[in-house]
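Biologist: Hey, I've just opened this one and I'm new to it. Could you walk me through it?
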Amino acid sequence: MAQPKYTTHHGMVDILPEEVRKWQFLENLIREEAEKFNFEEIRTPIMEQTELIVRGLGQMTDIVSKEIFTFSRGDDNYVLRPELTAPVVRAFVEHRLDQRGGSQKLYYIGPMFRAERPQKGRQRQFHQFGVEIMGSSDAVADVEVIAFMIHICNKLGITNTTLKLNSIGDPESREVYKQALKAHLKPDYDKLSDVSKKRYEKNPLRILDSKEEEDRPFIETAPVITNYLSEKSVSHYNKVKDYLGDLGISFTEDPYLVRGMDYYTETAFELISPDLGAQDALAGGGRYDLLVEEIGGLPTPAVGFAAGMERLFIACEELGIELGDGKKVDVYIVTLGDAARKWGLAQLSKFRDKGISATMDYMGRSMKAQMKDANRENARFAIIVGDNELNEGKFTFRDMKESKEEALSFEEIMEIIQM
RNA sequence: GAGCCCGUAGCUCAGUAGGUUAGAGCGCCAGGUUGUGGCCCUGGAGGCCGGGGGUUCAAGUCCCCUCGGGCUCCCCA
C-alpha cells in the first residue's frame, strides 16, 4: 500500500471504533471496581512542569534521562506526563488534600507518554490506570493496593499472573546495601557484562536484574537486600506478607526486584504475565514514603501502583478473553420515497426520547441495501415505511432475529420495543 | 542508542529460473427478487506491487539508498 501522506507519529496509535468498545468495557470495569474499594477518581493535566517530573522520578532514571517528551514556550517548560504518581502527589500537595482528613484513596485512568522504541506492549502514547493511597504507612494500605490490582485482573479473567514482591527498605539501609553489593562485585568487575559494568556506578541495584548469562554466578552469590533492612522495614515487610497470606493472594519473593523510579521505598511489587512477550509486567508499584515531602508537602507516607492497559488487552487476547459487545441498534427505519423518509427522520427522536436507540439510511439507497445495512448494524427491529404504510397508519414491523413481521400502528410498535 | 525481520487491493495473502493488459479469499457497491437482510449466483469499483535510483531488450521478482512497520537489547506499564 502506498504510504498515506499523514500518519500518526511513531509509536502512537489510533483506537478505532471496534477497539474502543473494549476500552469502554475496561474503563467501566475499573471505575465500578474502584468505587467498591472506595477510591475516588482524580484527573490531572496531560502536561506538567518538567521540573516536577525530573525531581519526582529522579534525574538519573531512564525515564527522565531519555524518555520524556519536553518542550518550552516562553519561560515555561512542559513535559508530557510519563507516569502519574508524581502528578497526583503534586495535586495532593497543591490542593492540600491532606486537609480532607484521613487517608486519601485516589485512582486514575489516562494516557502517558514515553519516547521509547515501540515494540510489543510498548508504545509512545500508552494508557495506564492506577491507584494511590496517601497518608497511611500501614501495611494494610500496601495490601489493599495490591488486592485492587489483582482484583481487576481476576475480573477480566487474567489469572495466570505472578505477583513478585520485595522490600527495598529506606534510603539509608539501601545505601549500605549498595556499598556491600559493589564490594562483592568489585573483584570480578572485569567479568561482568557490558551493561552491568555501566550500571556498576550508575545504579548497581539493577545489576541484580540482569538477564546476561555471564552475570549469573556473581548475582547468585551476591548479598541480599533483605539482610540489610532496618528492623522497622523488616517488620513492615512481614506484615505485608502476612496480610497477603490472609487474603489468599499468593506471591513470589524476589530480592532482586528493583524498580525504575527513585521515589520508591519499602514495599516494591510487580505483576508479571507470561503472555506479554519481552515486556512482561502487567502492573507495578510500591511505597513512596518520601515523595510528598520531596515535592514540597508535609511528610506523608504513600503507596500505589500503575497498570498498563494495552498490556491487559494483550493478555486477554492471548487467553482468548473477549471484552465488550459488538455494535447494535434497537431500531432501523427503512424508508421508501421522500414522504417516508421525512416521516422516518421525525420518528427517530421519539424512540431516542424513550431510551431506544434508532437510526436510518442516510444515503437514499434501495430497500434491499437498507435491509442489508440494518443487518450489518445488528438492528433488533426494522420498521419498513412506504406510501402504503403512511396512508394506512400501519407500519411493517420486522423482528430481524426471528425474521417475522406484522403490520402495526406506531403506538403498538413502541409498546413492543419497550418491553 | 544498537541488532534482526518485513513492506503486492480496505483486510489476509498468492505471484513459477526476472518475460505479454498484476491475482485469490474476505470486505465494499450493484443486479438476480418491480417493497425486504443474513445463504447462494453474477457483475463492478478498488493497486504508479511503500518511494527513489541502478542492472537488463524486459523488474512485483535482482542490487543500492530511503521511508514505513514489526520484534529484540536497554528500560518500563
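Predicted model: local features only at pLDDT ≥ 70, side-chain atom pairs only at ≥ 80, totals over all residues.

Biologist: Which domains does chain A have?
Modeller: The domain assignment of chain A gives domain 1 (17-170 + 230-319) and domain 2 (329-418).

Biologist: And what separates the centres of domain 1 and domain 2?
Modeller: Taken over C-alpha atoms, the two centres are 49 Å apart.

Biologist: OK, let's pick a residue. Where is Lys22?
Modeller: Lys22 sits in helix 1, which covers residues 17-36.

Biologist: Is Lys22 buried or exposed?
Modeller: Lys22 is buried: its relative accessible area is 17%, and buried means under 20%.

Biologist: What is Lys22 in contact with?
Modeller: Leaving aside neighbours within four places in sequence, Lys22 is in contact with Phe313, Glu317 and Leu323. There's also Gly326, 304 residues away along the chain, with its C-alpha atom 9.6 Å from that of Lys22.

Biologist: Switching topic: at what angle do helix 2 and helix 4 pack?
Modeller: About 110°, with the axes 9 Å apart; helix 2 is residues 50-57 and helix 4 is residues 85-94. The two helices are therefore roughly perpendicular to each other, since angles of 65 to 115 degrees count that way.

Biologist: Which residues make that contact?
Modeller: Helix 2 brings Leu52, Ile53 and Leu57, and helix 4 brings Ala86, Pro87 and Arg90. By class, that's five nonpolar residues, no polar ones and one charged.

Biologist: Now the sheet. What is the order of its five strands?
Modeller: This open sheet runs 13-12-14-15-16, with mixed pairing. The twist averages 25° from one strand to the next.

Biologist: Which strands stand at the edges?
Modeller: Strand 13 (358-360) and strand 16 do. Each has a single partner strand, so one side of each is left without a neighbour in the sheet.

Biologist: In which sense do strand 12 and strand 14 pair?
Modeller: Parallel, over six bridges, between residues 329-335 and residues 379-385. One example is Val334, whose bridge partner in strand 14 is Ile384.

Biologist: And strand 15 with strand 16?
Modeller: Those pair in the antiparallel sense over five bridges, using residues 395-399 and 404-408. Arg398 has Glu405 of strand 16 as its bridge partner. The hairpin has four residues between the strands, and there Ser403 takes a positive phi near 55°.

Biologist: Last one: which strands does helix 13 lie across?
Modeller: Helix 13 (residues 367-376) lies across strand 12, strand 14 and strand 15, running at about 175° to strand 12.

Terms used. Residues numbered from 1 in each chain as written. Chains lettered and ligands numbered in written order. Heavy atoms only, no water. Buried < 20%, exposed > 50% of the residue type's maximum accessible area, 1.4 Å probe, protein only. Contact = heavy atoms within 4.5 Å. Domains from an automatic or database assignment. Axes fitted to C-alpha atoms, helices over the stretch in contact; angles between N-to-C directions. Parallel < 35°, antiparallel > 145°, perpendicular 65-115°, else oblique. Nonpolar A, V, L, I, M, F, W, Y, C, P; charged D, E, K, R; others polar. Pairing = 2+ DSSP bridges.
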